Amino acid sequence: MIRIVIAEDQELLLEAMGNLLNLEDDIEVVGTAVNGEEAIVLVNQLQPDVCIMDIEMPEKSGLEAAEFLQLDGCKVIILTTFARPGYFERALKADVRGYLLKDNPSEELASSIRSIMDGKRIYSKELMDEDISDANADPLSQKSSQSINKGSVKNYLTSIMDKIKLPTG
């Protein structure tokens with residue numbers, strides 16, 4: 001059973017999210033909080049597997065709470081409505097495992113929780129800072145990727161096979 005704490009300052013959304021996640025066979029919401037401070041207290045008391053937090057809450061934001069909890073062992077998922085410059089980089093530094101949009105379907109949230117429990121990290125492309133997401137998406141620079149074509153690849157492979165004395169053909 002995956003144990004979850006949810007922190008969301010909009011109580012209707014908090015209740016709805018909790019109820020939807022509790023419908024999953026392998027997920028149990030063990031605590032809810034309405035701000036980042038309460039989330040930290042609950043995580044320390046209840047030792048959940050995952051803490052899902054709204055990014056903007058009173059007292060401590062989701063990111064501030066995630067920074068505080070990063071040494072705790074609880075996997076943090078941040079939910080937000082829209083991207084803000086610098087937030088994605090800050091989430092990465094806080095070791096946030098998921099950075100997701102609130103308007104995704106509940107099945108997607110449940111699936112993301114399971115993937116994160118399996119060791120994956122899930123970040124909504126729309127929330128990634130452009131310069132970071134571009135660098136992560138393609139390890140080759142734009143100029144390098146434009147210069148590589150089918151002929152170049154064939155030449156490289158032929159050269160490698162010559163060096164290791166494999167027949168080309």
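## Basis

In this predicted model, local features need pLDDT of at least 70 and side-chain atom pairs count only at pLDDT 80 or more, while totals for chains, interfaces and linings use all residues. Residues are numbered from 1 along each chain as its sequence is written, and side-chain values use heavy atoms, with hydrogens and water left out.

## Sheet

Six strands form an open sheet in the order β2-β1-β3-β4-β5-β6, with parallel pairing. Strands β2 and β6 are at the edges, each pairing on one side only. Helices (H or I, at least four residues) and strands (E, at least two) are DSSP runs numbered from the N terminus, and two strands pair if DSSP finds at least two bridges between them.

Strand β1 (residues 2-7) runs parallel to strand β3 (residues 50-54), and four bridges join them. Ile-4 stands opposite Val-50 in β3.

## Helices across the sheet

Helix α1 (residues 11-22) lies across β1, β2, β3 and β4 (75-80), at about 165 degrees to β2. Helix α3 (residues 62-69) lies across β3 and β4, at about 155 degrees to β3. Axes are lines fitted to C-alpha atoms, for helices over the stretch in contact (heavy atoms within 4.5 Å). Angles run from 0 to 180 degrees between N-to-C directions.

## Asn-35

Asn-35 is in the loop between β2 (27-33) and α2 (36-46). With a relative accessible area of 4%, Asn-35 is buried; buried means under 20%, exposed over 50% and partly exposed in between, with a 1.4 Å probe and protein chains only.

A polar atom of the Asn-35 side chain lies 3.0 Å from the backbone nitrogen of Glu-37. The backbone nitrogen of Glu-38 lies 2.7 Å from a polar atom of that side chain. Not counting residues up to four places away in sequence, Asn-35 touches Ala-7, Met-57, Pro-58, Glu-59 and Lys-60.

## Aromatic pairs

The whole structure holds two aromatic pairs. Rings of Phe, Tyr and Trp (its six-membered ring) pair if their centres lie within 6.5 Å; planes under 30 degrees apart count as stacked, over 60 as edge-to-face and the rest as tilted. The ring centres of Phe-88 and Tyr-123 are 5.2 Å apart and the planes are at 80 degrees, so this pair is edge-to-face. Because Phe-88 lies in helix α4 (residues 87-93) and Tyr-123 in strand β6 (residues 122-123), the pair ties together parts that are 35 residues apart in sequence.

Phe-88 is buried, its relative accessible area being 1%. Ring pairs link Phe-88, Tyr-99 and Tyr-123 into a cluster.

Notes. Polar contact = N/O pair within 3.5 Å; in protein donor to acceptor, adjacent residues only side chain to side chain.
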